[in-house]
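I wanted to look up how the parts of this protein chain meet, and I kept my notes in the order in which I checked things.

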Amino acid sequence: MQRYQHFIGGEWVEPSSGEWFETTEPFSGHAWAEIAKGNERDANRAVEVAHEAFLSPEWSSLTATQRGALMRKLAGLIEANVERLGMIEQRDNGKLIAEVAGQVRNVAQWFYYYAGLADKIGGEVVPINKADVFNYTKYEPLGVVVAITPWNSPLALTTWKMAPALAAGNTIVIKPSEYTSASILELAKLAHEAGFPKGVVNVVTGFGQDVGEPLVRHPLTAKVAFTGGDIGGQKVNEAAASGLKKVTLELGGKSPNIVFDDADIEQALKGAVAGIFGASGQTCMAGSRLLLQDGIHDEFVEKLKAIVETAKIGDPSLYETQIGPIATRAQHEKILRMIEMGKQEGANLVCGGKALSGPEFGQGQFVEPTIFTGVRNDMKIAQQEVFGPVVSVIRFRDAEEAVKIANDIDFGLAAGVWTRDLHRAFYCVDRIRAGTVWVNNYRSTSFTTPFGGYKRSGIGREGGVEAMKEYLQTKSVWITTDPNRANPFVLG
Ligand code: NAD
């Protein structure tokens, strides 16, 4: 079995505990690698090494253009390793190879984009209402960034943090999910090959409490960028707050996907499928509340059921598979529990609802794609994130009611709106309290535009120029051209 150590200071490092844990293929159920079980000592060491690297001339004296060049080299190495990285990630989290391959190619694009941005974020000369004074602003990196990521899209969600953090001149310590550490360690290896100085990119593996918490609490950690559930995010935020650290939190969602009766139904069906059955529902941006207008409700549910019942479910390493396994046993159990809860609450189970087993499902933890109708927005099945292939269908009368239902929730990550009527579309866009609104599409993302949540879906943004600013701080510089100061006892 393969063994993965921590990657700290440009070297592979044994866990100080001497302990390891297994990582398992969700489809076959086989453990395929051993991962270093980190602890507080490992976490402290990584932050200290990253801090030294931040101050070292090898990194701090590089120009932004030189940092960009290193990042382009890394992007090239990722492109050369797309297949290998994709297979590792697919093996580790059971995501469809068809989706993973595209995601890894996209990871390279994120590095190219931020490589280009590295030397394009300038300050400004600020007009000051005083004579003989010149003032300008400049952006500076924060220091050590701790990136904590989940299991559903490990490489992508790490890159969303790593690319802007490095472009801005920070150093980074990554704590990947305990379920999916391998691809992140491979990424760190490529960063080393690309020529990033030792200690600029570090990975410490292990569990949230053992490694994540000490990383967040370390006094030399300047910023924490976290993607995960809202409960974990809240804990991380509280720990970071006690050290007055900056945070970016990308948390969960329960996003409304709203279909009006004038929508292009075939396209809206594709959007509903992408929204909740894409990535087997294991995506933060899942359109898990499907809001259907009265006039099309029954027809839409029938058609959606027909698509779902013919979906190819099974081995995620085959390109034709459409729905794969649930990544972890705990998540599998949680989904089935929540389906039971939906039934008990009185939601009407249209299809699915059970675990799947049999030769075509290997030893994997599968859940049938599940549709509930008759859901009221105050039910738990409508309010809580399932993170699986389970959709709650909610009826609505008009745009006003759709928006009210869409917003009546603690989350605000994303929303979809399907209509041919521009007025309706803008009515919803302007009123829905979510960080992303897709009109006549769903689950689109790009490195060029910000992504993040309103309300309990998060703090800060990833992607675009805005994300770069999350990893920089502003310095205001005053230069006087006249050394004769006025009264020194009076604020000038
Ligand atoms: P999780 O919150 O359980 O874990 C995320 C990461 O946090 C893991 O690396 C974990 O080890 C670590 N962690 C847990 N407790 C910690 C603590 N006290 N201190 C520091 N680190 C800690 O989430 P998960 O189950 O891995 O992922 C699923 C969740 O992630 C879902 O809620 C999903 O919506 C969310 N998610 C959000 C986005 C987004 O961009 N908004 C993207 C993907 C996933």
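I began with charged pairs, and between domain 1 and domain 2 I found a count of zero salt bridges. I keep in mind that this is a predicted model.

Next I looked up polar contacts, and here the count between domain 1 and domain 2 is six residue pairs, with both residues at pLDDT 80 or more. On the side of domain 1 that touches domain 2, I noted that helix 4 (82–93) and helix 5 (97–117) each supply at least two residues. The largest share of that side comes from helix 5, which gives four residues. Sorting the side of domain 1 that touches domain 2 by class, I wrote down nine nonpolar, seven polar and four charged residues.

I then went back to where the domains run. The domain assignment places residues 2–251 together with 457–476 in domain 1, and residues 256–439 in domain 2. I read that the C-alpha centres of domain 1 and domain 2 lie 31 Å apart, and that 20 residues of domain 1 are in contact with 32 residues of domain 2.

Last, I looked up the area. The size of an interface is often given as the accessible area lost when the parts come together. Domain 1 and domain 2 bury about 2,000 Å² between them, and 65% of this is on carbon and sulfur atoms. Which three residues supply more than any other three of the area that domain 1 buries against domain 2? I found that they are Phe 27, Leu 96 and Trp 151, which supply 33% of that area.

How values were computed:
Residues are numbered from 1 along each chain as its sequence is written. This is a predicted model: local features need pLDDT of at least 70, side-chain atom pairs count only at pLDDT 80 or more; totals for chains, interfaces and linings use all residues. Side-chain values use heavy atoms; hydrogens and water are left out. Domain bounds come from an automatic or database domain assignment. Contact means heavy atoms within 4.5 Å. Buried area is the accessible area (1.4 Å probe) that two parts lose on being put together, summed over both. A salt bridge is a side-chain nitrogen of Lys or Arg within 4 Å of a carboxyl oxygen of Asp or Glu. A polar contact is a pair of N or O atoms within 3.5 Å; within protein, one must be able to donate a hydrogen and the other to accept it, and residues adjacent in sequence count only if both atoms are side-chain atoms. Ala, Val, Leu, Ile, Met, Phe, Trp, Tyr, Cys and Pro count as nonpolar, Asp, Glu, Lys and Arg as charged, and the others, Gly among them, as polar.
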